[in-house]
Amino acid sequence: MITGRISAKTPTADQATQVEFRLTGMTFRRMTSRHLMVAVPVAGYLIISTIFVFRLASPVALSRLSGWSLTLAAIGAGSACLLRSRSWPEPRTKAAWQLLGASCYVWSGSQALTTLDEFLLAPQVLRSIGNAGYLLALPLTVAGLLALAIPANQIASRIRAVLDGLLIGIALLLVTWVTVLEPVAHASADGLISKIVLLAYPVTDVALITLVAYVALRFRATGKRPPVPLGLFAIALGCFAVADSGFAYLSLLQEYSPGSAIDAGWLAGFTLLLVAAVLPARPAEAEALAQARPRGILLPYIFVVVAAIISSVVDVDQMDPFTHWIRTAMILLLVVRQVLTLLENSQLTRTLERRVDDRTVELELSTDRFRALVEHSSDVISLIRPSGDVIYQSASSMRVFGYSSAELLGRRFAELLDQPSRIKFNAAVLEAAKSTSRNDALELRLVHGDGAWRQVETTVTNLLDDPAVQALVLNTRDVSERRELEDQLLHQAFHDSLTSLANRALFYDRVRHAMQRRTLNDSVGVLFLDLDGFKEVNDSLGHACGDALLIEVAARLHTCVRPGDTIARLGGDEFAILVEGAKATIEFVAVAERIRSALRAPIALNGRSLFIQASIGIATADPGTNDADQLIRNADLAMYRAKELQDGEFALYDPSMHSTLVERLALEAELRLAVTHELLAVHYQPTYTLDTGKLVGVEALVRWNHPERGQIPPDAFIPLAEQTGLIHELGLFVLREACLQGRRWLETSPGTPLSIGVNISGKQLQRAGFPAEVREVLAESGLPPRSLVLEMTESVLMDDTDGSAQALAELKEMGIRIAIDDFGTGYSSLSYLHRFPVDILKIDRSFVERLSGAHAEESLVQSIVQLAQTLHLETIAEGIEDHGQLLALRRLGCQVAQGYHFGRPGPPDIVGQLLLDAGLDAVKVPVNGLPVQRDAASSSQDVDSLPTAAAT
């Protein structure tokens, strides 16, 4: 493990070299420590074994070297096993290492006691205790190996593993006894106990070697690698077996001496155990072997057969009791093992039978479930041969097809389909039969058992290679309702719900395709219709009557077009007609004439006869033009031109209409910019009294001096502002500027107060918050409300009488005066003069013009002046352009006048100069809107004292 921290910065070349050197050094040290742990014991073993084999020391030195070297080797092997057990996570393997380490420690203790016995020259005192330790080490080793060999789960498997180990050990004991040990034991003069102790060592070692082989075979049977190096264990136990057998043999012959070559075998065994403990660990669940072979099951029988054969051959003449008992024990173990195997097999058989029964019941339930699902499924399942013959038909065919499964068996499925669907189905079956990976879905038309046609969806799946099916599978479902619903939704998406005509989306698509498929000799045209007066029908008779009117118009339009033409309702009372294949423009005109004739007849609705006409615009596609949007837009522009004519005639599209529209859109954008950034100006036209000639008021007039277009007249942009809704911002701008300027004039010339007239649009007056806006402007500017005159035409008052009356009442309460502009040109009704709080009547210039010339007419102006005097209203004459008109107006009693004769509208500084010129003589300004009473001397002032255009 690397300790410390590594900098997050990029290391330099020297730093990288140092880090690499450290890592290499640590790895080298780690590898060196492990290598030393292996190399040192091996080197020591080689040196000591050489001394033993060639007897390079005295007998006493060899005896002591043998005793202490074996003691240290056993301690080293035991310590390595215990250290390995601490790093192993699996409990059984950990226990195996611990038992092996304990066995080595017990053996080392016995060897130490034996060495001390020889060193202290006390024979048979410590040696007897040491022999007991040697014998105790053997069971610990056996227990460690059995911890690996015995299965962890099943008790029967554990018992069988123990029996297999005993069988193998007894078989080897029998072979060893009859071949080597029995003759030596008979020839030896030692006592029975000494012989048993001496013979126990090789017999146990052989059993341990066999147990290692058995463990290896069991792991091989499970397909797993063993968690310990069994190969080194087997070699180490082999060394122990050779050494123990040699020791027993030489001891029985009274020829063994410590430090002989036999001791090298024990030393080799412990060295190998240490090496096995030091080697890298391999988990018990490591890679599986390629093929698991159950040789461990047959191993005990192989040893028993070999032992029986060898013992029979060697002991033909006579059999000693020990051999007899060994054979008897081996036979008893075989019987017990067979009985245990029979019990296991019986239990396994019952378990397998129970599993088979459970599986059979499960398969039957699954089959019944599958059959129920197939029979009651909404899909019809059919199995057909590649030829198309039905070999299986689910019972749901009666519900979907109207035919029972028995009626369809043996028939060709294609017989149920119409001709186009039959061709499609047969082709799909042929393609599906060629490839097992195909899964085609078809939509077919099938005749039901009741004779009606149904729309079905069929999936063809190739299962010819499936042994359980060996057919083509058809999954069919009835999609008639879904198809009908889709058709309805499609129709609703592209048709008008009220008239069932094509809607805007479908009409645009039809126009687009018509323009794409037209030829050089054919033309495509669009007629755009808008019903005149439809809003009045809706407002007066209700929307239900309006809808009935639209339905009737749609029906009449159908009688005016050919079957291939398309009629669409684009929205509201707008209709459009697509005419294809026309050879000349006259054909489109003929369609428009037929439409006019069809709509000329009255329409009966709720007992009423309605007459309606349409404004029709016609546009044809120019050669080489494929823009459907442009064609429809041109027809729309032509329709608006027809609506402007208001004579019931249709209009043909002319390119100038488009240029006019573009010009209007550009002017609208520029006007919006001018209003937003206050690029407009307010000019003022003065108003004078006719009896005194004093300046008494001004009329605020908006002016637009365009940087490129020059001076744009108000009648060009004021209507545009009303149409686009900009009139609110524009009117508020003029009102605020006029009030602020009026306040400035009042401050500079307090002796000459002026009335500030501001024109108000009908849309402004109809706005709910207009009185509040006026109040806010007056408060902001500081202009007295009495000085403000709001001017509006008669039509403005008549558009929304209730709303207008309420708004005017609020304005009147503020002290603002109300003037009716262009009086006499509108309704001229006395009723609204009594209903609305009017203060001033402004006589239209068309009446003033009649006061001069050869055929001068004064009656209309005289009537207006007398009416105003009767109602106590002030009169202002507009458009005074010559001296004769001025004299006539004064003679008729008109009080105030304005016009080019006095001065044209101008910027505020011109009016300011007029106020300075007036000086203190302005005290004769009318009071409360009425002329002041003058005496005869003052009345001698000549009319010529009034200012003229030249003077101003």
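## Close-up views of the predicted model

**View A. Residue Q470 is found in the loop between strands β4 (453-463) and β5 (471-478).** This view, like the others below, is taken from a predicted model. Q470 is not a glycine, yet its phi is positive, at about 55°. Most residues other than glycine have a negative phi. Q470 counts as exposed because its relative accessibility is 52%, where the cut-off for exposed is over 50%.

**View B. Residue H872 also has a positive phi, of about 60°, although it is not a glycine.** The loop that holds H872 runs between helix α29 (859-870) and strand β20 (874-877). With a relative accessible area of 68%, H872 is exposed.

**View C. Helices α16 (residues 534-541) and α17 (residues 543-558) cross at roughly 140°.** Their axes come within 6 Å of each other. On the α16 side, the contact is made by F534, V537, N538 and L541. These residues meet H543, C545, G546, L549 and L550 of α17. Six of the residues in the contact of α16 with α17 are nonpolar, three are polar and none is charged.

**View D. Helix α22 covers residues 727-748, a run of 22 residues.** From the first C-alpha to the last, α22 reaches 31 Å, which is close to the 32 Å expected at 1.5 Å a residue. Several of the side chains to look for in α22 are buried, among them I727, L730, F733, V734, L735 and W745. The buried residues of α22 also include G731, A738, C739, Q741 and G742.

**View E. The aromatic residues W107 and W266 form one of the ring pairs of the structure, seven of which are found in a search of the whole model.** The ring centres of W107 and W266 lie 6.4 Å apart and their planes stand at 55°, so the pair is tilted. W107 belongs to helix α3 (residues 91-119) and W266 to helix α8 (residues 262-278), so the pair ties together parts that are 159 residues apart in sequence. W107 and W266 are both buried. Ring pairs also bring in F270, giving a cluster of W107, W266 and F270.

**View F. Helix α8, which carries W266, is mostly covered.** Of the 17 residues of α8, 16 are buried. The end C-alpha atoms of α8 are 26 Å apart, which agrees with the 24 Å that 17 residues should span at 1.5 Å a residue.

**View G. Y688 and F902 form a tilted aromatic pair.** The distance from centre to centre is 5.5 Å, with 50° between the planes. Y688 lies in strand β13 (residues 681-689), whereas F902 lies in the loop between β21 (896-897) and α31 (908-918), so the pair ties together parts that are 214 residues apart in sequence. Y688 and F902 are each buried.

**View H. The protein chain as a whole has 31 helices and 21 strands.** This last legend gives the setting for the close-up views. The chain has 952 residues, and 43% of them count as buried. Among the contacts in the chain with a separation of 6 or more, 66% are between residues 24 or more positions apart.

Note on methods:
Residues numbered from 1 in each chain as written. Predicted model: local features only at pLDDT ≥ 70, side-chain atom pairs only at ≥ 80, totals over all residues. Heavy atoms only, no water. Axes fitted to C-alpha atoms, helices over the stretch in contact; angles between N-to-C directions. Helix = DSSP H or I, 4+ residues; strand = E, 2+ residues; numbered from the N terminus. Contact = heavy atoms within 4.5 Å. Nonpolar A, V, L, I, M, F, W, Y, C, P; charged D, E, K, R; others polar. Expected span 1.5 Å × (residues − 1). Buried < 20%, exposed > 50% of the residue type's maximum accessible area, 1.4 Å probe, protein only. Phe/Tyr/Trp six-rings, centres within 6.5 Å; stacked < 30°, edge-to-face > 60°.
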